[in-house]
Amino acid sequence: MNDELQIKVQAFLDGELPEAEAREIGSLLARDADAAAMRAELKHTRAALVGFERRILVPETREFYFSKIQREIEREEASASAPARPQHSIFSFWRRALAVTGGVAALAVALLVVTNFGPRGAALEVALGSGEAFTYRNYESGATLVWLSYPAENGLAENQPAATLQ
Amino acid sequence: MKLNSLLVTLALFTAALGFTATAPAADLKFEAQLIWGTSEGMPADSKLKPADAEVRKKLASLPLKWTHYYEVNRQSLAVAANQTKKSVLSDRCTVEVKRLGGDKIEVLLLGQGKEVGKVTQQLPRGEILVLAGNAPAENAWLVTLKRIQ
Amino acid sequence: MPSQKDYSSLEDAALVKLAQKGDTLAFEELVFRHRDKIYARAYTMMHSEDAALDLSQEAWVKAWQRLAQFQGDSSFATWVTRITINVCLDQLRKNKRQRAESIEELNEESGGVDRQMPVVTVDPTERLERGELRQKIDTALGKLTEEHRTVLVLHEFQEMEYKDIAQTVGVSIGTVMSRLFYARRKMAALLADVRKTE
């Protein structure tokens with residue numbers, strides 16, 4: 001069976017052949033064992049894939065995932081009139097920070113993240129018991145945020161703080 | 001007479017130098033708060049009060065989405081040079097502040113007695129450090145540390 | 001303005017209408033609902049969690065910017081998925097431009113698949129647990145060339161027809177058919193290897 005015929009067998013399987021050609025390939029499949037075997041292999045592969053896409057979840061909290069989207073939207077809107085665009089996506093920065101912290105956390109050893117906020121700010125070091133962290137600094141307000149992926153269900157605070165925290 | 005004056009001045013100057021050299025460095029004073037972040041109002045019967053305006057303003061400058069911040073607990077800490085002070089903000093949340101020299105401090109956050117994270121940073125007067133994370137039902141807990149002196 | 005709780009009870013179409021008027025909370029709810037699917041599709045295309053995270057977020061930014069263009073001809077999820085695929089394809093094209101010429105590119109259509117490779121006569125996925133199969137498929141997809149993986153993902157997961165794939169990827173229908181054929185053959189061989197090594 002030549003390449004062209006093999007690909008037609010596939011198109012037959014996918015319902016992509018014109019009616020006349022489909023009839024031809026249908027009769028070929030009935031009499032040619034090689035063509036039938038090829039069709040069976042393609043069919044098995046197709047069946048194996050459908051519905052078996054990897055189930056993978058966003059490895060960030062809702063708030064952080066969306067905050068990055070929101071900040072990028074705001075940044076793009078603010079710079080809409082400016083001709084030059086930054087070369088690196090804001091997401092890359094966050095992802096790198098996550099990768100560093102996440103990677104070290106996976107080693108289950110004490111980890112240390114150093115974020116240098118630039119000439120005006122001293123380096124910030126974050127060591128985590130486990131999990132991941134993001135850091136953010138607003139120079140103008142003099143505020144530094146370290147967001148920790150401490151599981152919500154472990155509850156440093158609870159849903160009813162008045163009852164449980166005081 | 002002149003010699004006496006000189007000796008007295010010298011003695012005073014030496015005493016002043018000695019006092020300066022041996023006097024303990026002033027404590028750094030901090031205010032630690034445990035804050036509850038939510039986008040929903042608190043129940044009417046809650047005893048929590050909104051976090052103070054200055055802290056809310058600082059939080060608003062950070063990429064946090066919550067619209068309300070309530071103060072759960074507030075503690076003051078005076079930390080001497082090279083010393084560590086602990087502040088229990090709730091049954092589950094404790095923060096330890098260690099002075100490392102100058103404005104530099106090490107902040108250890110403990111959740112249910114276990115280390116959650118340790119942050120080392122310079123914290124000049126007026127600045128705020130916020131350690132935060134998710135709480136159930138899309139709320140957040142925040143531990144703020146403000147250098148007040 | 002509805003409270004945050006109200007957003008979660010609204011259907012996609014209602015959220016889209018609010019978002020089209022500039023309501024970011026409505027858009028956030030849409031992102032929350034569909035983020036895992038979008039991220040998973042970006043991952044399947046790129047086979048890199050880091051790239052998937054960046055590109056899925058980039059796709060959401062583009063979705064926001066193009067919300068006015070969404071007319072409801074398809075579901076919102078399908079519409080965002082198409083944006084995601086285009087963002088991934090753009091990135092793959094950039095990657096390709098940056099790559100040095102290689103033997104793989106010289107043999108782009110077959111992607112190194114032996115034309116005389118014996119046909120796999122039994123279903124290679126028989127007796128595999130669903131979770132195990134998902135994992136094996138993911139591993140096998142990672143061994144395909146980007147070109148082969150792209151057409152396979154668009155055809156099998158996105159359920160696109162040949163002509164739509166050709167238009168999206170920017171190649172002829174013949175190229176799509178050829179790439180799809182060799183991608184399936186390689187997958188069959190890789191999954192058969194899984195069975196052999198069990």
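Helix 1 and helix 2 of chain A are roughly perpendicular to each other (a label for angles of 65 to 115 degrees), because they pack at an angle of about 110 degrees. Their axes, lines fitted to C-alpha atoms over the stretch in contact, lie 10 Å apart. On this scale, angles run from 0 to 180 degrees between N-to-C directions, with those under 35 degrees counted as roughly parallel, those over 145 as roughly antiparallel and the rest as oblique. Helix 1 spans residues 3-13 and helix 2 spans residues 19-31. Helix 1 brings A:Lys8, A:Val9 and A:Phe12 to the contact, and helix 2 brings A:Glu21, A:Ala22, A:Ile25 and A:Gly26; two residues are in contact if their C-beta atoms, placed from the backbone, lie within 7 Å. By class, this contact has four nonpolar, one polar and two charged residues. Here Ala, Val, Leu, Ile, Met, Phe, Trp, Tyr, Cys and Pro count as nonpolar, Asp, Glu, Lys and Arg as charged, and the others, Gly among them, as polar.

The structure is a predicted model, in which local features need pLDDT of at least 70 and side-chain atom pairs count only at pLDDT 80 or more, while totals for chains, interfaces and linings use all residues. Residues are numbered from 1 along each chain as its sequence is written, and chains are lettered from A and ligands numbered from 1 in the order in which they are written.

A:Phe12 counts as buried because it has 21 C-beta neighbours inside 10 Å; the cut-off is 20 or more for buried and 12 or fewer for exposed, with partly exposed in between. Leaving aside neighbours within four places in sequence, A:Phe12 is in contact with A:Leu17, A:Ala22, A:Ile25 and A:Gly26. A:Gly26 is 14 residues away from A:Phe12 along the chain, yet their C-alpha atoms are separated by 7.9 Å.

Chain A as a whole has six helices and four strands, these being DSSP runs numbered from the N terminus (H or I, at least four residues, for helices; E, at least two, for strands). From the N terminus, the order is α-α-α-α-α-β-β-β-β-α. Of its 166 residues, 34% count as buried.

Chain A also meets chain C, where 41 residues of chain C are in contact with 37 residues of chain A. Helix 3 (24-46), helix 4 (49-65), helix 7, helix 8 (146-157) and helix 10 (173-197) of chain C each give two or more residues to this side. Helix 3 gives the most, with 10 residues. The residues of chain C that touch chain A divide into 22 nonpolar, six polar and 13 charged.

Helix 7 of chain C (residues 130-142) reaches 18 Å from its first C-alpha to its last, close to the 18 Å expected for its 13 residues; the expected span is 1.5 Å times one less than the number of residues. Its buried residues are C:Leu133, C:Lys136, C:Ile137, C:Ala140 and C:Leu141. They cover an arc of only 135 degrees around the axis, which puts them on the same side of helix 7; the arc is that of the directions from the helix axis to the C-beta atoms. An α-helix has 3.6 residues a turn, so residues three or four places apart point the same way.

Finally, C:His47, in the loop between helix 3 and helix 4 of chain C, has a positive phi near 55 degrees without being a glycine.
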